[in-house]
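Here are some short notes for a first look. Please keep the structure open as you read.

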Amino acid sequence: IYIYIMAVLTFFQLPPPFVKLSFILFLCRSFSESSDKGWFRSLFVHKVDARKDAHSNLLSKKETSNLYKIQFHNIKPECLEAYNTLEAEVQKRLHQDQDYPCEVVGSWNTWYGEQDQAVHIWRYRGGYPALTECLTKLNNNKEYLEFRKERAKMLISRRNQLLLEFSFWNEPLPRPGPNIYEMRTYYLKPGTMIEWGNHWARAIKYRQENNEAVGGFFSQIGDLYVVHHLWAYENLQSREDTRNTAWQKEGWDANVYYTVPLIRSMESRIMIPTKSSPLQ
């Protein structure tokens, strides 16, 4: 603003300093009182149109109505083996019972990251109505309620989130092993989910060569503006090689450059699938 004002003063060759000062004050007051559509303000202000829809509708898959739940269970170290056995039995029974509209996508124990932790991802085909139906039936299932009491004795803490899957990511499907899995979790700045999705819709093509992309999700309930990317690798060296290869592809560096500023914090878990996990 100062540069523009001084240019005007020079052009009109205005006299003594006190006259210049009065003229500067007049211009500043005029600019501050002008509307958003003023020519001068338009040089500095970028007007953004209001978004017409929720990011959950813009980024999630339209052809499916899948809802996902992710569970993080922190287990007493001495109970880890017993916990895995008990959880596997319950998952097996729920899969065999067609009356429950849910299925486990994958179950893991954290190898590197938070120790003595189990991570489970569940799919509810039919969205929120399927989730509600399943929870209602489970809360009336005496056997399941006994399982929860037994499991509670083994846990230190637990938390969960409800997720939707990005439209441009692969749907997580059962795969043979052995594999290790990496869950990279990004805590985004509020309001940046659309921008994140736009960049990754282009970038995901750089990470498909070795079939490493398993699933991409964003939170709906629980911690908000959270993204989970799930990757599969043969081993840690394969992970290193695959990630290095991505940097050799033109365009990958641009994705990293534009998405890093959107992140508040991030973490990585290396996980080993349990024996009962459909993702091996």
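1. Start with strand E2, residues 103–112. Seven of its 10 residues are buried, so the strand is largely enclosed by the rest of the structure. Bear in mind that this is a predicted model.

2. Now place E2 in its setting. Eight strands form a closed barrel in the order E1-E3-E2-E8-E5-E7-E6-E4, with antiparallel pairing. From one strand to the next, the twist averages 35 degrees. Strands of a sheet pair through backbone hydrogen bonds, either parallel or antiparallel.

3. Look at E2 beside E3, residues 117–125. Six bridges link the two strands in the antiparallel sense. Ser107 faces His120 of E3 across this pairing. The E2–E3 hairpin has four residues between its strands, and Gly113 there takes a positive phi near 130 degrees.

4. E2 also pairs with E8. This pairing is antiparallel too, over four bridges. Which residue of E8 stands opposite Asn109? Ile272 does. Strand E8 spans residues 263–273, and Ile272 lies within the strand.

5. Strand E6 covers residues 213–221 and strand E7 covers residues 226–233. The two run antiparallel and are joined by five bridges. Ala213 has Trp231 in E7 as its bridge partner.

Key. Residues are numbered from 1 along each chain as its sequence is written. This is a predicted model: local features need pLDDT of at least 70, side-chain atom pairs count only at pLDDT 80 or more; totals for chains, interfaces and linings use all residues. Side-chain values use heavy atoms; hydrogens and water are left out. Two strands pair if DSSP finds at least two bridges between them. Axes are lines fitted to C-alpha atoms, for helices over the stretch in contact, and angles run from 0 to 180 degrees between N-to-C directions. Buried means under 20% relative accessible area, exposed over 50%, partly exposed in between (1.4 Å probe, protein chains only).
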